[in-house]
Each structure stands twice: as structure tokens, then as C-alpha cells.
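Here is a short report on one protein model. Keep the structure in view as you read.

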Amino acid sequence: GTFMYAPSTRRHRISSLSRRTPRSINPQLQNLPETMSDKKTTDQYGVLLYYKYVDIPNLDDLLTFYRSNCSSLSLLGRVRLSPHGVNVTVGGNLPSLEQHIEALKANCTLFHGTDFKLATCHHPLNDDVAKECGFTSLSIRIVKELVTLSSHPLLKSPEISNAGRHLSALEFHSTLHNANKESPENGLVLLDARNLYETRIGKFHAPNVETLDPQVRQYSDFSSWIDDRSEQLKGKNILMYCTGGIRCEMASAYIKSKGAGFENVFQLFGGIQRYLEQFPDGGFFKGKNFVFDHRISVGGSEASSTIGACLICQCSFDDYSSRCRCTYCRMLVLVCESCQNESPLYICELCQKQGKAVGSKQLNESDDSKKSLQGVEFQDFSSDTMLLPQELRGDDVRTSSKLRILCLHGFRQNASSFKGRTASLAKKLKKIAEFVFIDAPHDVPFIYQSPVPVPHVNGASSSLQASPPPPFENCKKKFAWFVAPNFDGSSGVDWKVADGPFDPLQYQQQTDGYDISISHLENVFSQEGPFDGILGFSQGAAMTAVISAQQEKLKGKMDFKFVVLCSGFALNLKEMECSPIKCPSLHIFGNEHGQDRQIANQASKELASLYDGSCSVIVEHDCGHIIPTRSPYIDEIKAFLGRFLQDV
């Protein structure tokens, strides 16, 4: 279909920053750099990048167009479509890429004014790199957001129409040049909107200009970094930049949404790529520009332009072609060839700051895996925590886009039993989530119920002999996150007879032990993290609720994006006194007729009411004290988790 669209022209002259007339960036093919010369042949290869924020009236029609056009032209790469625009990175023969651009212009007024960034380059030389970057196939997907700004996807995104003003490459350069002549107190801040692995090898630097590098693992962490530094940024003239411009659109809109004191936000139009085309010698940009295709990086051919360093030996190095990654968080790291021969495991700067070390990862029981890492020491963490270092996993959670979820069992359970109880759930979610099970830190004694005397018709009670306890050798230890105030901490090795009949409200009296449990979990996050979310069942849900209420205080020690609370309840603890809890949450519990004899429906409802309604989802079921896995419940669980999957 043809989409009628009047493009926005949000490129303004900023008198307070620069007196230059805005430079008009022409997206027409004849004005592209020399890579589009008439000498090209049909076997010349190129890469095309472009994005456009615009309301799309018929997403299905646009999806059909991309499938047909890209397939017929043999283009490979990523196409992301949303109701609010498109984000495209594709590669192929130059004539095919030109035809793709012309088809867009001819068939859709939607793309008028789009900045098509087209450059020649070599064919993908390394199949592994090309595959990881998505350049061995064509992936066309409809997504909710073109870029994921916040790790809380249930919260409303800022209005893109409120994004920062565009500065051309010349304006951006002129602003930095003029600031260079002024004092450091010029009120100008240069803000990098990219990830740490990108800024390692290249960034802008201008004397007398305050430069901020957030050093985030992923773009979805950027908004939290802004929140933590709002006072530092307030009242400043903020110049933002990223690779091609799209991340600055959303990030600048987020900063401006903070209101008074955040009006002066500007972004480099076309990103670093357009700047380096205008200033081939690099200008104020030092090093190389990281790109998300098989080229890996562009620019900075001179040895003096290398600003990166090997993670291990600190020698000058900026080549990511080996695709070395952090053993824990899977972020790319720079490791020179010499150091690659020394060790197969690496820990990035951010994980090192969190106290993580190579020796804390655990292998499963595969002898072959242990032989392949001779000389590397691994420590057991828990008998039921079967965690293979992610560098060695076939189903690598970061490259396969799976969510990694830490699971906290209920009272008087353990990791093994909870893993068995959730086997059906894990199977249903295996394509999007990986569950990690651990034991709680408090051992609890083995208790069994003695027979209850049965009254006769005449009112007399029968005398029953005490039955023997269950066989001990087949029982595994039981654990708890919270214990009763009179708990002496000893579990013993023998069965104990219960003091009385089972009390269904005993969980309300189990309020001690938080400090030990939170310390235990901080250790788990440090040694076995990162985790995207936490799932808690019954008392495990109560523990998870306390953690989510303390999310801001625990930042850096326990970072997570969401919680799933199953048959949960709230404990009367001071740590819970922070309503509403703003952590995205999924609440799963039995309805009034759900036959959950352990945790009352009202208790779970009261817990859910403590959370911000704008980022919480409630699923009530009729299945008892379990996590339901049949429709429609499993569909609602998948929908919630799906919002947190990174668009890779």
C-alpha cells in the first residue's frame, strides 16, 4: 500500500550553541560518499542502515513489502517494524541496495526524508561473525519498540516527538570547537548513548567539555543511569551521540520528559557515521566506530587512533573479530591474541567491579567439560545449582535471547523438588527462558504428623500407637527463606513429631532470617549472575517481594528487570514499607474458588496491591497451590516475559 506521510523536519538552528546555518543532509543516492561511484560493478558489496520514526497506518502491508522486496534482491540482515516506524540494517550487492532504496521512495511517501546510510565494504569474511551479527540470513520481525530504552517495558515510553533537536555533523563539530575556546564551566555536557563495549574502542573527546560515558551493558540500562544522574544533568546543554542516531531519538526524549531544567537536549543527526563522512580525519572523534554488522568497526585506520586496550594485559588493542565475551554477562570484551592463548574465560570490567572471579563458576557433571578447562578452578555453590559457565554452553542465554530467571522455592522445599514441580512450566517456556534453582540458606528440621485419634460413636477416642517416621535415607534436606522467631537454627538429622496439627497460617509467623537470606542471594548474584528476573513460589514469593521492594538499594549487588510472584503474600517487615513498588511484576495466584489451601486468595491480592498498577499484571487461576501451565494462563505468562526479551 501507499502510505501518505508528511515528514517531520526537527532540525533547528540553536543560537545558544552555534550560529551556523543547519547543514542539509541529502539522502539522495547521487550525493552519497565515493562508495557510490560509477565504477561499481554488480559484485560490489555494501551495507545499508536507516531508520524512521513515523506512525505506520498498515503494518501488515509494510511487512509484506519488505518480505517480497528484500527476498527478491537477496538482501541479508535485520528489519524491525513497529507501529511507530522502522529500523533496518541489511547487506547485499550495491545495485540491489540501490534498488531497495528506490523501491521505498517510489512506493511509500512514508520514507520521504529518510537518511539512507549506504557504504561499500568487503563481503563477510568470517561466517561466525556474520552469523552472530545476523548477516547470514534475512530476519524481518514486528516488534513493540524499535529500540528498548527501559528495562521496564511495561512502563510507557516517552513521546518521540519530544526528542532532542538535530545537529548536523558540521553544527555538532562547530559546537565542540567553540566550547574548546571557553572555560570548562561552559554548561556543555557530551553524552555517549552507546554501550560500554562500543565506547571502549572509540568516542568523542573535546577539551573543556565534560564528557559522560554511562558504561552500560545494554541500551535498556541507559534510562536507569539517567535517573541516577538527573541532578548532574539538570540545567546543562546536553549533546548526545550514538552510532547512527536512532538511540538518541528515544534517549533524548526521555531526558526531556523530566521537565524543567532538561529542555536543552541536542543530538548528532546521522550519528557517528555521518560525522566521520564529514570529517574523514576523525575530527573530535577518537578511535573506531563500532557497528552492528560483519564489519565490526569502521574508521580509525591509523595506529594512533587505537584507544582500546586488552582486558588482560592492557596492551593497545581494539579488534573484536575474535568475539570474546565475558563468562558471566556475555558482553563483548577485548582480548589480544596472546592473552586468548592463555585462558578461555574472561570477566568484563563491570563484573569485576561486582566482585566476580573465574573461580566461582560451576561446571555440571560432564567430565569432558572439565577436561577442556584444565587449570581453571571451579567451586561448587549448591548441590542443585547446575550451572555451566556461559562461555561453554550450547544454548548460550545471551546469544539465544533467552531470559535467565532465578527461582526461589517455597517453605520446607529445596531446589531439586521445586525444579521437579516446575518441570512443565520450564518445558512450556524453554524457547524464551532458562530457570536456575537454588536452595534457601535456612535448614529446617524433618517433621512428620502423628496419627490423629478417631472418636467413636460413644464419644471415646481410639488409642493409636505412634507410627514410625518416614525412611530417612530417601529424604533431602529442606530449607526456608524465613523462619519463626523462636527457631534455634538447628535442623538435626532425625525426624521430629509435629507439636500439633498443621497450621495453615504458620507462614504469617515466619518473619525472621531476612538478613541471612539477602546475604545468601547477593552471593548467588555475584557468583552465578546475571539474572533477568526472579520467580518466587509461596514463601519464595514473599522473599522475592521484599527484594523487589528494595530494588533501588540493592542496585549493583542484585540487578534484575522483573519479578514473578506465585501464590505470594506480604510479610510485615520494614523492608516492605515503600508502596507502591515500581518493579515490573507478574502475580499468579488462585482465585476465590481456586482451592489454594496454603495461601489465601486475599493474601495474594493484598501483595499485588502493593505494586504500581502501571507495570504489574495479575493472573488468577482455579488450579490450587501450583503454577498453572495450561491455556489461557500460560499464554499470559509468555506475554509478560516476552516484553523483556531483548531484540537481537
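## Cavity, helix pairs and backbone

This is a predicted model. The count comes to one cavity of 30 Å³ or more. About 40 Å³ of space lies in the largest cavity. What lines the largest cavity? The residues are Ile405, Leu425, Leu429, Phe435, Leu535, Val564, Ile588, Ile627, Ile637 and Leu641. By class, this lining has ten nonpolar residues, with no polar and no charged ones.

Next come the helix pairs. Two packed helices are described by the angle between their axes and the distance between the axes.

Take helix α1 (residues 59-72) and helix α2 (residues 94-107). Their axes come within 10 Å and cross at roughly 150°. Angles over 145 degrees count as roughly antiparallel, so α1 is roughly antiparallel to α2. The crossing of α1 past α2 is right-handed. Which residues meet here? From α1 come Phe65, Tyr66, Asn69 and Cys70. From α2 come His100, Ala103, Leu104 and Asn107. The contact of α1 with α2 holds five nonpolar residues, three polar ones and no charged ones.

Now turn to helix α15 (residues 514-528) and helix α16 (residues 539-549). They pack at an angle of about 75°, and their axes are 12 Å apart. Angles of 65 to 115 degrees count as roughly perpendicular, so α15 is roughly perpendicular to α16. In α15, the residues in contact are Tyr514, Ser517, Ile518 and Leu521. They meet Met543, Val546 and Ile547 in α16. By class, the contact of α15 with α16 has six nonpolar residues, one polar residue and no charged residues.

Last, look at the backbone. Most residues other than glycine have a negative phi, and most peptide bonds are trans. Where are the cis peptide bonds in this table?

| Cis peptide bond | Omega |
|---|---|
| Gly529 and Pro530 | about 5° |
| Ser631 and Pro632 | about 5° |

Pro530 sits in the loop between α15 and β21 (533-537). Pro632 is found in the loop between β24 (616-621) and α18 (633-642).

Arg323 is a residue other than glycine, and its phi has a positive value, near 55°. Find Arg323 in the loop between β14 (297-298) and α10 (337-340).

Methods
Residues are numbered from 1 along each chain as its sequence is written. This is a predicted model: local features need pLDDT of at least 70, side-chain atom pairs count only at pLDDT 80 or more; totals for chains, interfaces and linings use all residues. Side-chain values use heavy atoms; hydrogens and water are left out. Axes are lines fitted to C-alpha atoms, for helices over the stretch in contact, and angles run from 0 to 180 degrees between N-to-C directions. Helices (H or I, at least four residues) and strands (E, at least two) are DSSP runs, numbered from the N terminus. Angles under 35 degrees count as roughly parallel, over 145 as roughly antiparallel, 65 to 115 as roughly perpendicular and the rest as oblique. A crossing is left-handed if the near helix is turned anticlockwise from the far one by less than a right angle, and right-handed if clockwise. Contact means heavy atoms within 4.5 Å. Ala, Val, Leu, Ile, Met, Phe, Trp, Tyr, Cys and Pro count as nonpolar, Asp, Glu, Lys and Arg as charged, and the others, Gly among them, as polar. On a 1 Å grid over the protein atoms alone, a cavity is a set of points where a 1.4 Å probe fits but cannot get out, and a pocket is an open set with protein on both sides within 12 Å along at least five of seven lines; lining residues have an atom within 4 Å of a point. Grid points are joined across faces, edges and corners, and a volume is the space filled by probe spheres set on the points.
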